[in-house]
Amino acid sequence: MSFEIKKAAVLGAGVMGANIAAHLTNAGIECYLLDIIPPGGITEDDKKKGLTEKSPAWRNRFAENGLNGAIKSKPASFYSKANASMIKTGNFEDDLNLLADCDWVCEVVLENLKIKQDLFARVEKVVKPTCIVSTNTSGLPIKDISANFSSSLKKRFLGTHFFNPPRYMKLMEIIPGKETDKAVVAYMKKFSEEVLGKGVVIAKDVPNFIGNRIGVYDLCNAGRVMLEKGMKIEEVDAIVGKAVGRPGTAIFGTIDLVGLDIGTHVAQNLYDAVPKDECRDTFLPTEFAKKMIANKWLGNKTKGGYYKKVKDEKGKNVKYVIDWKTMEYAVVQKPKFESISEAKKKADEGVAVTMKIAFNGQDAAGDYLREYLCNNFIYSANRIPEICNTIVEIDNAMKWGYNHQLGPFESWDAVGVNEAVEVMKKLGKRVPAKIEEMLKKGCKTFYKVDSKGIKSYYDFKKKDYVKMVENPKIILLPGLKEKKKVVKENSAATLVDIGDGVACLEFHTKMNAVDADMIQMISESCDIVNKDFVGMVVANHDQKMFSAGANIFLVLAAIQQGQWKELETLVAALQNANMKMKYLPKPVVTAPAGMALGGGCEISMHGDYCLANGETYMGLVEVGVGVIPAGGGCKEMAVRMTEGIPTGVVEAGLNMQYHYGRAFETIATAKVATSAQEAQELGFIRKTCAINMSRDMQIHEAKQIVLGMSKFYKPPKPPLIPVMGENLKGVAAAIISNMKAGKYASDYDAHIAMKVAHVLSGGACAEGTFVTEQEILDLEREAFMSLCGEQKTQDRITAMLSTGRPLRN
């Protein structure tokens with residue numbers, strides 16, 4: 001039986017259900033969102049609105065409320081609010097028949113076994129024989145939910161556990177039932193990875209599966225160790241933070257984010273469900289947590305939990321933290337630990353290095369970490385094969401579901417397996433027999449890489465190393481470098497041969513900021529690719545930063561040293577490198593992900609095709625530091641806003657105010673797209689470009705596009721750009737006047753904006769004039785240099801470097 005998901009239904013329109021539906025639309029899948037009819041009947045307020053019990057507005061209220069919540073959510077659930085139109089709302093009484101044409105039905109109703117069973121009994125009567133049916137349960141047994149299913153449905157039923165929020169959290173746990181068809185599991189794994197962009201782990205049908213079994217233990221363990229050692233909440237969060245590869249929210253900030261009530265409920269359910277767990281008592285709520293819940297101090301949603309923010313007399317937010325001994329709040333102090341400070345000094349060497357330093361610290365932080373991490377290591381080892389078959393699933397679940405940089409076994413490797421075992425013995429802990437056996441066999445790490453770059457993991461069942469399964473659609477540049485596939489490199493970038501005649505240009509400066517060496521590598525890579533390759537991908541593995549744009553420290557240094565000629569030469573070099581890439585006789589696909597700002601945005605815009613990951617945040621933000629885009633950004637916006645307009649229409653007097661007004665406002669207000677789709681709507685990416693959903697597979701997908709284009713490729717013909725001339729300045733002046741009146745722009749903002757307008761106008765010419773790309777580039781460079789010579793721009797650059805925030809002067 002073959003499967004293809006084109007239309008789906010989500011049953012249950014709470015926060016999770018509505019946000020799952022939203023993410024399905026991000027992947028281009030039409031969706032039904034259904035929920036119950038409001039209980040209790042029509043209210044007086046409903047009657048005043050003219051509603052009856054037959055009114056769709058009343059019957060679909062829960063689903064509509066869920067959809068509206070997803071539309072308004074922050075961070076945004078949709079790539080674009082326009083995607084909400086792909087969701088049709090309804091209710092379980094009137095609209096279950098809609099499921100008949102669905103390829104996937106995902107249930108997300110209350111965690112109540114009977115409610116789920118009753119709903120599925122009705123669903124089974126409607127869905128087609130090829131429809132995959134799943135539950136998003138976070139803990140109820142799959143075997144119990146499906147107990148009354150027909151054998152046919154059991155083959156197509158499984159758990160698909162999203163983590164919240166679905167758009168941003170990578171982890172998807174797939175939990176097959178005993179009778180689930182292997183083809184269904186394989187398809188849903190592939191679909192979840194490639195279409196939804198998830199990282200999939202296959203979990204066993206046990207309480208809380210993998211992520212929440214290990215993750216809840218991790219959080220509860222952190223709290224228990226804190227109590228044992230008499231430490232403060234802010235001290236624990238300072239210790240279990242970035243130095244050991246944890247997110248900025250650390251332990252108690254994470255619980256505040258989730259909600260103390262939810263976290264405690266999940267832990268209590270886990271306690272009830274695992275009577276034979278050797279650490280079962282760890283899941284019981286602490287006395288002070290019970291008091292906080294009784295006081296409704298539940299976290300961010302109640303404006304206070306372990307932490308809260310209070311405005312002082314000056315209106316400034318001051319952060320407070322609770323003292324668990326007194327149950328009183330006090331202003332947060334920043335704890336200092338020598339071991340953590342020493343670890344942070346080595347941050348550039350990676351989290352494995354900093355974690356080892358912190359673990360071996362001879363201070364209170366080191367004492368805490370040794371107890372806390374050793375507990376985690378032992379608990380994780382003891383869960384195999386109970387919750388999954390290998391260490392890989394546990395490590396991936398914690399990285400993708402809890403934002404840990406290293407999973408438990410990777411962390412154990414980082415501090416040293418044998419070293420940690422010796423610590424465990426000193427602390428009086430029982431070392432798992434499987435670990436002792438592993439060390440006796442001479443296996444000193446959980447993961448290893450051989451001389452050929454092949455990675456393996458230790459398998460407790462086979463009592464030996466097993467080769468990691470490689471996905472051919474995941475291209476890892478570090479591995480290729482180890483295999484001597486580097487074509488050319490300098491301090492800023494590397495050109496790597498990724499096979500089949502395609503090269504990949506990777507940036508690796510701090511924040512991937514654009515400097516002279518990077519510009520040189522772009523230019524030289526174009527020459528090499530033109531001679532020796534069929535095409536080029538521009539991409540990297542940085543999860544947060546494709547490129548932050550120009551290195552403004554170097555710009556300020558050039559200004560302060562009066563190196564005006566050198567600065568203008570550098571700007572011209574970036575323009576020329578981008579144009580060289582655009583008109584290279586071989587196809588170039590840029591593949592941004594994360595931040596692509598300023599020069600990073602401009603580089604992305606100069607490929608033949610931009611395959612951006614869905615989570616790409618792109619914008620021409622130069623006005624924030626007092627300059628304008630001068631690497632071809634203004635020019636490309638002019639091209640994109642006017643391409644497709646017939647020449648005859650322009651010559652006939654087409655008013656281009658709408659087209660150029662949008663471009664001007666986007667640049668002058670430094671708009672940043674919050675997704676690749678929004679970047680398309682703003683004009684940074686052409687709408688003919690696909691959006692990559694799987695960050696892991698992005699380079700592979702970009703490579704396939706290069707290979708496809710190379711079969712018929714011809715460089716683009718340089719366009720003649722229709723401009724508005726002096727008329728645009730009048731339009732811009734009106735827009736800026738309104739912004740100043742609303743106090744959204746200062747006088748200097750207006751000054752910079754009019755420079756943007758001058759560039760986009762094409763200079764001193766009449767509306768309808770056609771100009772070349774080079775003419776716009778010359779205007780960009782001229783405006784950039786003139787602004788660099790102004791003191792207020794220099795003040796803005798200085799402020800950005802010192803505070804990280806733009807100055808409004």
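Me: Helices (H or I, at least four residues) and strands (E, at least two) are DSSP runs, numbered from the N terminus. Where is Lys 463 placed on that basis?

Reply: Lys 463 is in the loop between β13 and β14. The model is predicted, so local features need pLDDT of at least 70 and side-chain atom pairs count only at pLDDT 80 or more, whereas totals for chains, interfaces and linings use all residues. Residues are numbered from 1 along each chain as its sequence is written, and side-chain values use heavy atoms, with hydrogens and water left out.

Me: Why is Lys 463 called partly exposed?

Reply: Its relative accessible area is 37%. Buried means under 20%, exposed over 50%, and partly exposed in between (1.4 Å probe, protein chains only). The value for Lys 463 lies in between, and the residue is therefore partly exposed.

Me: What makes the backbone of Lys 463 worth a remark?

Reply: Lys 463 has a positive phi of about 55° although it is not a glycine. Most residues other than glycine have a negative phi, and most peptide bonds are trans. Asn 403, in the loop between α17 and α18 (408–415), also has a positive phi, of about 60°, and is likewise not a glycine. Asn 403 is partly exposed at 43%.

Me: What makes β20 and β22 a pair?

Reply: Two bridges join β20 (residues 588–590) to β22, in parallel, so the count reaches the two that pairing requires. Val 589 stands opposite Tyr 609 in β22. Both strands are part of an open sheet of six strands with mixed pairing, ordered β15-β16-β17-β18-β20-β22. Its edge strands are β15 (486–489) and β22 (609–610), each pairing on one side only.

Me: Why are the rings of Phe 252 and Tyr 306 called edge-to-face?

Reply: Rings of Phe, Tyr and Trp (its six-membered ring) pair if their centres lie within 6.5 Å; planes under 30 degrees apart count as stacked, over 60 as edge-to-face and the rest as tilted. Here the centres are 4.8 Å apart and the planes stand at 65°, so the pair is edge-to-face. The pair links distant parts of the chain, 54 residues apart: Phe 252 in helix α11 and Tyr 306 in the loop between α13 (287–294) and β9 (307–311). Both residues are buried. The whole structure holds 25 aromatic pairs.

Me: Which residues do ring pairs link into a cluster?

Reply: The cluster consists of Phe 377, Phe 409, Trp 412, Phe 446, Tyr 458, Phe 460 and Tyr 465.
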